[in-house]
Amino acid sequence: MAKKISRVLLYLIVALGALTMLIPFLWMISTSLKSGPETIKVPPVWIPQVLRWHNYVEAFHAAPFLRYFVNSVIVTVVTTVGQLLTSILAAFAFARLRFWGKNFLFMIFLGTMMIPGEMLIIPNFVTLSKMSLVNTYGALILPWLASFFTVFTLRQTFQSTPDQIYYAAKMDGASDWKYLWTVLVPMSKSTITAVTVLEVIGSWNSFMWPLIVTNSEKMRTLPVGLQAFTTDAGTQYQLLMAASTFVIIPMVIVYMFLQKYIIAGISKAGLKG
Amino acid sequence: MMNEKPTLKSSLKAYLYLLPMLVISVTFSIWPIISSLLMSFYTKYNFYTDKVSKMGFDNFIYLWNDPDFHLAVRNTLIFVAGVVPITVILSLIIALLLNQIKWLSGFFRTVYFLPFVTSTVAIAMVWNWIYHSDYGLMNYFLSLVGIHPINWLTDPHWSLLALIIMSIWKDLGFNIILFLVGLNNIDKGYYQTAEIDGANAWQRFWNVTIPMISPITFLVSVNGVISSFKVFDQIFALFQGTPGPGKADLTIVYYLYEKFYTEYKYPIAAASGVVLFVLILLVTFVQLWYSRKHVHY
Amino acid sequence: MKVTFKDVTLSYDGKKDTLKHLNFQIPDGTLVSLLGPSGGGKTTTLNLISGLLPATSGHIYFGDEDVTKKDALARKVGMVFQNYSLYPHLTVRDNIAFPLKMQKVKKAERYKRAEELAKLVHVDDQLDKKPGGLSGGQQQRVAIARALAKSPSLLLLDEPLSNLDARLRIEMRQEIRRIQQETGVTTIFVTHDQDEALHISDNIMVLAQGTIQQFSTPTVLYERPANLFVAKFIGEPVINTLPADALKADLVSSVPASILAQAKTAGIRSEAIVPFDNGQEMVAKIHAGLKQARKYGREATANLAYNGETLLSTEMAGLPASQTDGDFFLTKAGFFLFDEKGALIFGGDAHDE
């Protein structure tokens with residue numbers, strides 16, 4: 001009996017916690033479907049009398065969200081793919097190839113991971129201004145094409161594949177390049193998916209850097225555009241919430257589909273690092 | 001193939017593999033680190049011509065004397081001290097509870113983790129609305145238990161707390177996942193042995209779980225401290241491009257942003273970045289030193 | 001392909017030699033085992049043959065060709081690793097065909113060859129599975145097929161059976177023998193299990209401390225060990241050893257005095273101690289105490305107490321249970337004397353030559 005009560009209590013606490021986590025999302029969606037007057041009703045209503053889906057259309061047209069969306073997609077895709085390529089190559093070199101200065105280089109990279117990225121903003125901005133890249137995709141993408149975090153995570157995985165597989169492939173006639181792409185990369189699919197998803201989420205949600213290097217509306221990414229939209233929308237919370245929803249939704253979908261990889265990736269990278 | 005020393009040929013080949021990553025990281029990480037360290041000592045600097053005419057400690061002296069920077073450091077420390085311990089303890093508790101249940105556990109994990117994948121800016125908009133003093137959900141809930149409305153976002157006494165609450169909410173999921181992995185990795189044999197040795201559930205928790213999970217606790221705290229020191233996005237979005245009422249939410253990175261982006265005082269901004277780095281380093285070392293005694297690997 | 005080592009030395013760190021001055025020749029078409037304790041140098045030797053490991057000095061020949069400077073790929077060896085090292089993301093068919101794919105053999109052709117090989121190793125019903133879905137024995141078979149796919153000059157197997165359970169091990173060692181005989185490929189097989197080596201090899205090379213202790217057929221290895229190490233290493237149960245001094249008084253009539261003077265250690269196989277004169281040639285008759293007589297299956301063993309030493313015999317069938325001591329005979333076959341350095345000076349057929 002006591003066991004049953006504690007079981008019920010356990011679920012009650014967990015469910016209550018989960019509800020707390022969900023409330024902001026529910027409140028966001030609820031508000032996004034309300035009419036203006038409904039948003040300022042006291043006590044608050046959770047389910048609007050009429051579901052105003054039109055708020056989404058209105059919000060979408062109130063600012064160039066399509067443009068922001070396209071920018072975000074371009075930046076996220078190019079950053080992720082580019083970073084993955086540079087990281088796979090570098091991780092393979094660190095995991096498998098022999099070269100002078102390997103340990104030294106590795107220590108340097110390890111050390112730079114300690115440096116807060118915010119310190120790099122000013123010099124990077126200066127560099128990009130000199131290259132006249134401010135307010136272009138170049139500025140949004142270039143600095144993020146290399147990630148030590150991704151290199152380290154991949155290197156761990158590459159190193160944990162048995163040497164003998166490498167030797168076997170070599171004896172089977174595979175060059176290093178062939179081995180990397182036909183054996184090692186397919187074998188490391190789950191780690192690669194994990195770092196990819198984490199990078200997609202990080203890139204999609206990044207704010208401070210796009211805020212700094214974009215100064216025209218047409219280069220803004222979604223988070224920056226959304227932030228700018230608040231000034232225009234003022235107190236029209238139903239539109240603000242609708243806009244917030246469509247910024248959040250894509251990553252929630254990505255998350256729902258690739259949840260197990262994200263969690264595996266976090267535990268792998270988190271625990272090793 | 002085995003037992004081979006690097007040769008000129010093998011090194012050249014490896015550097016070809018490393019090249020793309022090296023080019024990017026030297027340009028956008030390694031060089032900027034050096035450059036921003038140097039810049040923090042520039043006392044006369046022209047951004048347009050990139051000319052440095054004098055170097056010295058003036059920027060650090062400026063920070064030392066700037067009440068705004070004092071405020072930023074103070075707020076950052078309060079924020080870290082407010083967010084990290086609560087996040088660690090709460091996420092450990094939730095992970096322990098989640099570890100006990102089977103039915104729906106996947107669903108609950110998904111829900112707790114959801115804030116982690118959402119855009120900070122977008123979700124800060126939502127919290128901005130939740131904190132609305134007249135129509136916000138927070139004050140409505142508080143009114144149900146008889147608490148008068150609080151001006152969460154406009155009263156300097158409350159605005160830092162508002163930021164802390166939102167940050168804890170957002171960070172929980174990530175740490176819960178790490179703790180769950182850690183709990184999963186504890187060999188069940190330890191519990192069985194402890195049980196045979198006569199330890200009750202509470203004793204097992206203190207003598208098995210807590211020591212076995214300590215490396216994760218350490219990791220979560222270090223992670224938490226580092227990321228909390230760098231808080232910026234939440235503030236900018238929650239207070240709509242201001243550092244809170246009466247600068248009550250001005251943090252070091254926000255200070256850096258203002259000096260750099262709105263006041264064009266690059267060297268001072270760079271110096272504040274260096275201070276941030278040193279502070280993070282100091283706190284991490286203290287944690288490391290503490291962990292030597294209390295973390296069991 | 002015939003393999004010849006001429007004065008091959010290997011040193012990992014440039015100071016200590018892991019393998020010292022190896023000289024041997026493996027005849028074409030044979031199955032040779034490299035046998036020895038772990039750390040003895042057998043896998044290192046295999047890696048030298050494969051070309052995965054470059055020799056520090058000396059020369060290696062395949063047939064008449066000097067391959068010392070060639071890498072594993074150029075030597076065209078097929079290798080099966082201890083953990084099979086199959087590509088987990090490829091099907092059995094693609095695993096076997098992988099070396100051919102690397103040689104840019106056309107798809108239809110390489111799949112045809114893969115299927116033939118799968119048939120040879122009896123995995124033709126598993127072609128579309130991935131290695132994860134196969135048993136250990138099947139993975140082993142696939143690994144052999146993959147190694148054979150490129151028609152290798154040599155087939156090298158590095159402890160291929162050590163991950164299998166006892167029953168499967170026996171099955172697979174017969175399979176390896178069958179496949180070797182069907183294909184006729186020169187096969188070199190590393191193992192630390194003497195039973196395995198004795199059962200499948202044409203020749204066995206015993207390696208310890210970085211040198212070849214003996215390289216000969218299984219029969220010679222057992223009946224005429226070149227030294228004390230080989231005598232102790234080969235044979236189950238382990239050969240009885242005792243100081244030669246303890247036996248000398250009983251040997252004067254059968255062993256020349258000059259040999260007896262050099263003898264340091266005597267080695268007596270457990271089946272060489274018999275209770276009756278059964279007509280075999282004997283070297284000595286000894287008087288010993290009898291204790292711990294046991295009988296399992298068709299084997300009867302007993303420990304004999306002799307001059308303060310304990311000797312194990314496996315030929316004690318037919319002795320009355322009550323007997324506590326008696327005279328026993330040592331047959332000439334299975335009796336050896338070794339000198340101070342451990343070299344064989346008496347026994348086997350040595351004195352006949």
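Trainee: Which residues of chain B does the UniProt annotation "domain: ABC transmembrane type-1" cover?
Mentor: That annotation, from an unreviewed UniProt entry, covers residues 73-287 of chain B. Please keep in mind that this is a predicted model.

Trainee: How much helix and strand is there over residues 73-287 of chain B?
Mentor: The chain there is 78% helix and 0% strand.

Trainee: What do residues 12-34 of chain B look like in the model, in terms of helix and strand?
Mentor: Residues 12-34 of chain B are 100% helix and 0% strand, with 26 Å between the end C-alpha atoms. Residues 77-98 of chain B are likewise 100% helix and 0% strand, and their end C-alpha atoms lie 31 Å apart.

Trainee: What is the confidence for chain B?
Mentor: Chain B has an average pLDDT of 89, and 98% of its residues score at least 70. Among the elements of chain B, helix H3 (residues 67-100) has the highest mean pLDDT, 94. Strand S2 (residues 51-55) of chain B has the lowest, 75.

Trainee: Changing topic: how many residues does each of chain A and chain B bring to their contact?
Mentor: Chain B brings 70 residues and chain A brings 70 residues. On the chain B side, helix H1 (residues 8-39) gives the most, with 20 residues. By class, that side of chain B holds 52 nonpolar, 14 polar and 4 charged residues.

Trainee: What domains does the assignment give within chain B?
Mentor: The assignment gives domain 1 (8-57) and domain 2 (60-294). Their centres, taken over C-alpha atoms, are separated by 32 Å. In the contact between them, 9 residues of domain 1 of chain B meet 9 residues of domain 2 of chain B.

Trainee: Which elements supply the domain 1 side of that contact in chain B?
Mentor: H1 and strand S1 (42-46) of chain B each supply at least two residues of that side. The residues on the domain 1 side divide into 6 nonpolar, 3 polar and no charged.

Trainee: Which residues is Ala162(B) in contact with, leaving aside neighbours within four places in sequence?
Mentor: Those contacts are with Tyr131(B), Trp152(B) and Leu153(B). As for Pro32(B), the residue is 130 residues away from Ala162(B) along the chain, and their C-alpha atoms are separated by 34 Å.

Trainee: Moving on, how many helices and strands are in chain C?
Mentor: Chain C has 11 helices and 19 strands. Of its 353 residues, 45% are buried, and its C-alpha trace spans about 75 × 45 × 35 Å along its principal axes.

Trainee: What are the domains of chain C?
Mentor: Chain C is assigned domain 1 (3-227) and domain 2 (240-352). The contact between them takes 5 residues from domain 1 of chain C and 8 residues from domain 2 of chain C. The domain 1 side has 2 nonpolar, 1 polar and 2 charged residues.

Note on methods. Residues are numbered from 1 along each chain as its sequence is written. Chains are lettered from A and ligands numbered from 1 in the order in which they are written. This is a predicted model: local features need pLDDT of at least 70, side-chain atom pairs count only at pLDDT 80 or more; totals for chains, interfaces and linings use all residues. Helices (H or I, at least four residues) and strands (E, at least two) are DSSP runs, numbered from the N terminus. UniProt positions are given in the numbering used here, feature names are shortened, and annotations may be inferred rather than shown by experiment. Two residues are in contact if their C-beta atoms, placed from the backbone, lie within 7 Å. Ala, Val, Leu, Ile, Met, Phe, Trp, Tyr, Cys and Pro count as nonpolar, Asp, Glu, Lys and Arg as charged, and the others, Gly among them, as polar. Domain bounds come from an automatic or database domain assignment. pLDDT is the predictor's confidence in each residue, from 0 to 100. A residue is buried if 20 or more other C-beta atoms lie within 10 Å of its own, exposed if 12 or fewer, and partly exposed in between; C-beta atoms are placed from the backbone.
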